[in-house]
Amino acid sequence: KQLSVNNQLQFNVALEFTVTNPSLVTNTINNIDYRAYLPLYSQELFSGTLQGKQLPPKSTVTFTMNENIDWTPDIETALDMMKQDKIPVEFSTKTSVDYFGFSIESEKTTTLDIAKYIKPEIQKQVNRFSGLINSFLKKQ
């Protein structure tokens, strides 16, 4: 739904998960586990669990989450990100539903390119750091 990055390279992610019950009986969603992962760097950004809800027959229920991610890339990762055309993040969910006493699980993964969000912020950090070094050197 929304992804933003602040000037400390911290992410805020707002997501909506929509679950539909096409059956004629009420089902129970036990929970939805979620995870965001940077495959290029083998790093997990965040993970968590949304609490379950009842799904009335022929209905759709929306789950929302808003996650502040305190993840800052190390210098090698940041510099490598600047070279990349795309920086994929894999958002995956695993949903557990009770249906007539049976537990059914469903998994889904969606990939989002975060290059347009993070590269400008990395560049700002590099410029800020370069300015500090230049100021320091001029005083010497």
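Reader: Which classes of residue make up the lining of the second largest pocket?
Author: In this predicted model, that lining comprises nine nonpolar, two polar and two charged residues.

Reader: How much space lies in that pocket?
Author: The second largest pocket holds about 220 Å³ of space. Of its 13 lining residues, Ile75, Ile122, Gln125, Val126 and Phe129 are the closest to the centre.

Reader: Which element gives the most to the lining?
Author: H2 does, with six residues. Helix H1 (75–83) and helix H2 (115–139) each supply at least two residues of the lining.

Reader: Staying with Phe129, which residues form a nonpolar patch with it on the surface?
Author: Leu132, Ile133, Phe136 and Leu137 form the patch together with Phe129, and the accessible area of the patch is about 540 Å². Leucine 132 is found in helix H2.

Reader: Is leucine 132 buried or exposed?
Author: Leucine 132 is exposed, because its relative accessible area is 57% and the cut-off for exposed is over 50%.

Reader: Changing topic, how much space lies in the largest pocket?
Author: The largest pocket contains about 620 Å³. It is lined by 28 residues, of which Phe17, Thr18, Thr93, Thr95 and Lys108 are the closest to its centre. Strands S2 (11–21), S3 (27–38), S4 (43–55), S6 (88–99) and S7 (102–113) are the elements that give two or more residues to this lining.

Reader: And by class?
Author: The lining of the largest pocket has 13 nonpolar, ten polar and five charged residues.

Reader: Now electrostatics: how many salt bridges does a search of the whole structure find?
Author: The search finds three. One of them joins the side chains of glutamate 44 and arginine 35, at 2.9 Å from N to O. Glutamate 44 is partly exposed at 39% relative accessibility, and arginine 35 is partly exposed at 34%.

Reader: Which pair links distant parts of the chain?
Author: Lysine 94 and glutamate 105 meet in a salt bridge at 3.4 Å, N to O. Lysine 94 belongs to strand S6 and glutamate 105 to strand S7, eleven residues apart.

Reader: What separates glutamate 121 and lysine 124 in helix H2?
Author: They are separated by about one helical turn, because they are three residues apart in that helix. Their side chains meet in a salt bridge at 3.2 Å, N to O.

Reader: Is glutamate 121 buried or exposed?
Author: Glutamate 121 is buried, with a relative accessible area of 10%, whereas lysine 124 is partly exposed at 44%.

Notes
Residues numbered from 1 in each chain as written. Predicted model: local features only at pLDDT ≥ 70, side-chain atom pairs only at ≥ 80, totals over all residues. Heavy atoms only, no water. 1 Å grid on protein atoms, 1.4 Å probe; cavity = no way out; pocket = protein on both sides within 12 Å on 5 of 7 lines; lining within 4 Å. Points joined across faces, edges and corners; volume = space filled by probe spheres on them. Helix = DSSP H or I, 4+ residues; strand = E, 2+ residues; numbered from the N terminus. Nonpolar A, V, L, I, M, F, W, Y, C, P; charged D, E, K, R; others polar. Patch = residues over 30% accessible without salt bridge, like charges linked within 9 Å, V, L, I, M, F, W, Y side chains within 5 Å. Areas by Shrake-Rupley, 256 points an atom, 1.4 Å probe, with all protein chains shown as cover. Salt bridge = Lys/Arg side-chain N within 4 Å of Asp/Glu carboxyl O. Buried < 20%, exposed > 50% of the residue type's maximum accessible area, 1.4 Å probe, protein only.
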